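Biologist: I am new to this structure and would like to go through it step by step. Please show it first.

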Amino acid sequence: MNVLALIGRVFLTFLAAVGRLSRFALAAVTHMVRPPFYPRQILRQFIDIGYFSLPVVALTAIFSGMVLALQSHSGFARFQAEGAVAMVVALSITRELGPVLAGLMVAGRIGASMAAEIGTMRVTEQVDALTTLSTNPFKYLVSPRVLAGLLMMPLLVVVADILGIFGGYIIAIGKLGFNSGSYLANTWQVLEPLDVLSGLVKAAAFGFLIALLGCYNGYYSKGGAQGVGAATTNAVVSASILILIANYGITEIFFAQ
Amino acid sequence: MTEAAAPKIRLRDVHKRFGDKVVLDGIDLDVQAGESIVVIGGSGSGKSVLIKSIQGIVRPESGSIQVDGEEVIGMGGKQIERINAKIGMLFQGAALFDSLPVWENVSFGALQAGKLDRKAAYDLAVETLAKVGLTEDVAKLWPSELSGGMQKRVGLARAIATEPEIIFFDEPTTGLDPIMADVINDLIVTCVKRLGATAITITHDMASARKIADRVAMLYKGKLVWVGPIADIDNSGNPYVDQFIHGRAEGPITMDLRR
Ligand SMILES: Nc1ncnc2c1ncn2[C@@H]1O[C@H](COP(=O)(O)OP(=O)(O)OP(=O)(O)O)[C@@H](O)[C@H]1O
Ligand SMILES: [Mg+2]
């Protein structure tokens, strides 16, 4: 077995997939800005992503904030630096944990359901039926979802930021004996607009990736129930990995000196 | 032009394969405006692929497909949309949108074209459903709440709702009881004769073919082995057609069974 040939083949397959995905992304974006638009479809996706993801995102954020306060307190106590708890909670939540955890949760919830729904539509010929009814399946199915991902994730992350910091606050005040006023003042003082902004940029990027990969995997699924299952798995796994990679990239852009 | 009228649909030397499997191997067919063609052929012979090619859903590798003189093969998405606006299609598996109630399925084409508001679209749906023997109660149900035969009829209603110039029916009567099948046959005849639509119907049901066809085309191994008027089908002199319409296991068509 020629190892070089094998590596070459894998690399080419990879490049082809990247090319196909980029074309898909480009088409999704161009159809997003060109009429006709489907307000009902867009609204449905807004509600699905923005509203129905609230419980998962909220729970994730609150408990992450609580754990952060507890952990950083026990850690910093070794250096008599317990005062840093407010800072650690605020910065970790807004810069990293808010967007990343919300992204991963939404990838599991939304990415999977998009891939399953569009995949089922593909294998039952509903996607073809759209074409025969003079409706562009890209405009009708893909663009509303990608748009909703792009716009709703930042809103979810604003909620996650607030609830995450609130979770830390509960523990700091209720368990660790901090003074409420000075803890909040501390939090407020360390937070820079850029901390929140970078988190929201991440959120938008993650939302775009989640919806894009959900739609992409669903759109090209084939082979019945098994194919749809595989598409769903791929959508979640690939979105999660890309979220983590993109997270590093965006952090590098914002915070590397 | 020597012909009296240019054909509504014109196929020349159309080839389509999936991987190594050749499905269409040089199809020539002219369908005149207002004509009703029935395509027969064994399971898996490529009948569905043939009509999907005309709609640009399946892209043949070579050949020419013209609808009203416009070449479909290689056409861009926007143009395909415009061609499809003239065509109504009943899918073999109905392919109803399961995220929409029945009535929105039926009036989907009219709603998307922005021709109707939602109230008028609902009325259109109810009216069209009545033509396929379904009552208004069905309009508000979801596709998943219907039986297979009902789904088929809703698919049929969706195909004819906008009164398209061209209609494709992929096995319209499969899965229906004999009486309802005949109602649907009459409906197809009405669409073609009264509305002047051009129709291509795929069916295995010879009684249905006799009722709705002007001409019959038989597909076998990627080729049209016989095309002729329905009146000639019993004495076509074509061994493939004879075997098919009499449903005999012995003949030139072999089923590739292992013995
Ligand atoms: N998307 C596809 N990918 C791969 N092969 C396909 C695809 N669509 C159809 N085929 C193949 O093309 C052949 C013809 O399929 P088609 O659906 O046209 O058959 P048919 O004549 O309509 O049969 P039936 O009467 O059972 O509906 C089949 O062998 C099928 O396996
Ligand atoms: Mg078929």
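Biologist: How many salt bridges are counted between chain A and chain B?
Modeller: This is a predicted model, in which local features need pLDDT of at least 70 and side-chain atom pairs count only at pLDDT 80 or more, while totals for chains, interfaces and linings use all residues. Residues are numbered from 1 along each chain as its sequence is written, chains are lettered from A and ligands numbered from 1 in the order in which they are written, and side-chain values use heavy atoms, with hydrogens and water left out. A salt bridge is a side-chain nitrogen of Lys or Arg within 4 Å of a carboxyl oxygen of Asp or Glu. Between chain A and chain B the count is one.

Biologist: Which side chains meet in a salt bridge at 2.4 Å, N to O?
Modeller: One partner is a Lys of chain B and the other a Glu of chain A. The two are Lys52(B) and Glu125(A).

Biologist: Which element gives the largest share of the side of chain A that touches chain B?
Modeller: Helices here are DSSP runs (H or I, at least four residues) and strands likewise (E, at least two), numbered from the N terminus. In chain A, α2 (39-51), α4 (85-123) and α5 (126-132) each give two or more residues to that side. The largest share, six residues, is that of α5(A).

Biologist: What area is buried between chain A and chain B?
Modeller: Contact means heavy atoms within 4.5 Å, and 18 residues of chain A are in contact with 22 of chain B. Buried area is the accessible area (1.4 Å probe) that two parts lose on being put together, summed over both. Carbon and sulfur atoms give 54% of it, and the area is about 1700 Å².

Biologist: Which side chain has an N or O atom 2.7 Å from an oxygen atom of ligand 1, besides that of Gln92(B)?
Modeller: A polar contact is a pair of N or O atoms within 3.5 Å; within protein, one must be able to donate a hydrogen and the other to accept it, and residues adjacent in sequence count only if both atoms are side-chain atoms. Gln92(B) has a polar side-chain atom 2.7 Å from an oxygen atom of ligand 1.

Biologist: Which element gives the most to the shell around ligand 1?
Modeller: With near meaning that a heavy atom of the residue lies within 4 Å, 14 residues surround ligand 1. In chain B, β2 (21-31) and α1 (47-54) each give two or more residues to that shell. The most, three residues, comes from α1(B).
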